[in-house]
Amino acid sequence: MKYLAPVAIFGVLLVVLWVGLKLDPHYVPSPLIDHPAPEFSLSALDDANHVLTKTSFHGRPIVLNVWSSWCSACRTEHPLLVALSRDTAIEIVGLNYKDTREDAQRNLADHGNPYRQNIFDPAGKLGLDLGVYGVPETFVIDAEGVIRHKQVGPLTPEIWQQEIAPLLAKLKGRPGV
Amino acid sequence: MCKGARGWAGLLLLVASLAYAIDRPLNFGDPAQQARYEALLHELRCLVCQNQTLADSEADLAQDLRGEVYRMVSAQMDDPAIIAFMVKRYGDFVLYRPPVQRTTVSLWYAPAFLLVIMVLVWRRVQQASALALQTPLTAQEQARLASIMASGTAASKTPEA
């Protein structure tokens with residue numbers, strides 16, 4: 001009875017610390033979830049005269065992947081994106097972040113191009129508005145242009161299967177879209 | 001001795017170069033704006049190296065965000081508007097002083113709460129020991145005390161004997 005309190009306190013501490021060990025301190029919850037994606041007006045990566053805006057992507061849910069040729073973690077997820085892009089039902093849009101046209105296009109020529117379209121953001125302006133802090137990042141944006149999900153760091157098949165694929169299915173299944 | 005001095009010189013050089021590496025090319029003509037800019041940089045967290053403020057961090061992102069703060073201060077935006085701009089994009093985490101809200105209540109008030117508990121426990125312990133001193137010994141305890149004292153005296157006398 002005398003040791004009940006210390007043992008209880010120790011037990012609580014153990015649980016709290018154990019849970020804390022499993023948390024990712026680099027994960028920052030995005031305040032943008034369920035908010036409209038920011039407006040932008042930027043050129044396409046493959047055509048400087050082709051202006052893309054937020055409404056260019058309205059009408060269907062998209063996967064917006066923030067990448068750069070200088071980002072080594074992007075290379076690890078690239079084969080997965082290429083594989084996913086073979087499914088025509090999945091629309092992957094690239095946001096080429098703080099890159100040059102030449103480097104980005106060479107990268108796509110060398111490793112395959114999974115992107116239906118690429119937004120060229122050399123100054124990182126749209127990246128800033130999206131709260132990008134560590135490329136690669138991946139957003140799911142619904143048909144109305146509302147951000148539904150954000151993934152920081154490289155995509156893996158597990159993350160795709162468990163988080164993004166079900167969300168996309170849900171967004172596509174919605175009536176009236 | 002010489003080696004030690006060289007070590008110190010090296011350390012000083014290192015510190016100087018680190019300080020130099022944090023670029024501060026952004027200068028305002030107006031000292032009031034400069035002060036606001038510097039103060040804001042110390043209130044905002046760099047999201048890449050999370051334990052550094054924008055003022056301390058050398059990360060690319062911190063440089064970009066310093067540029068944004070510079071732009072907004074130059075554009076005469078007030079501090080709350082600049083803070084709101086950052087929070088809208090990066091969340092409350094970007095603030096070095098998190099606001100008091102449901103998720104941060106324990107962060108803000110747990111220390112005071114623990115202090116109160118500590119004071120209460122300490123007072124209970126004090127009272128208990130004061131009470132123990134005030135209470136007279138029972139006859140049984142008196143007898144035990146006497147026997148301990150007696151054996152103690154006997155023990156201390158033993159070596160001399």
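**View 1. Lining of the second largest pocket in the predicted model.** In this predicted model, residues of chains A and B line the second largest pocket: A:Trp70, A:Tyr97, A:Lys98, A:Val132, A:Tyr133, A:Gly134 and A:Val135, together with B:Val48, B:Ala59, B:Asp60, B:Leu61 and B:Asp64. The volume of this second largest pocket is about 240 Å³. Helix 3 of chain B, residues 60–74, gives the most to the lining, with 3 residues. Sorted by class, the lining of the second largest pocket holds 8 nonpolar, 1 polar and 3 charged residues.

**View 2. The largest pocket.** This pocket has a volume of about 380 Å³. It is lined by 15 residues, of which B:Asp92, B:Phe93, B:Pro98, B:Thr103 and B:Thr104 are the closest to its centre. The lining of the largest pocket is made up of 7 nonpolar, 6 polar and 2 charged residues.

**View 3. Packing of helix 2 and helix 3 of chain B.** Helix 2 of chain B covers residues 31–43 and packs with helix 3 of chain B at an angle of about 145°. The axes of these two helices are 10 Å apart, and helix 2 of chain B passes helix 3 of chain B in a right-handed crossing.

**View 4. Residues in the contact of helix 2 with helix 3 of chain B.** From helix 2 of chain B come B:Gln33, B:Arg36, B:Tyr37, B:Leu40 and B:Leu41, and these meet B:Arg66, B:Val69, B:Tyr70, B:Val73 and B:Ser74 of helix 3 of chain B. By class, this contact has 6 nonpolar, 2 polar and 2 charged residues.

Technical notes. Residues numbered from 1 in each chain as written. Chains lettered and ligands numbered in written order. Predicted model: local features only at pLDDT ≥ 70, side-chain atom pairs only at ≥ 80, totals over all residues. Heavy atoms only, no water. 1 Å grid on protein atoms, 1.4 Å probe; cavity = no way out; pocket = protein on both sides within 12 Å on 5 of 7 lines; lining within 4 Å. Points joined across faces, edges and corners; volume = space filled by probe spheres on them. Nonpolar A, V, L, I, M, F, W, Y, C, P; charged D, E, K, R; others polar. Helix = DSSP H or I, 4+ residues; strand = E, 2+ residues; numbered from the N terminus. Axes fitted to C-alpha atoms, helices over the stretch in contact; angles between N-to-C directions. Left-handed = near helix turned anticlockwise from the far one by under 90°. Contact = heavy atoms within 4.5 Å.
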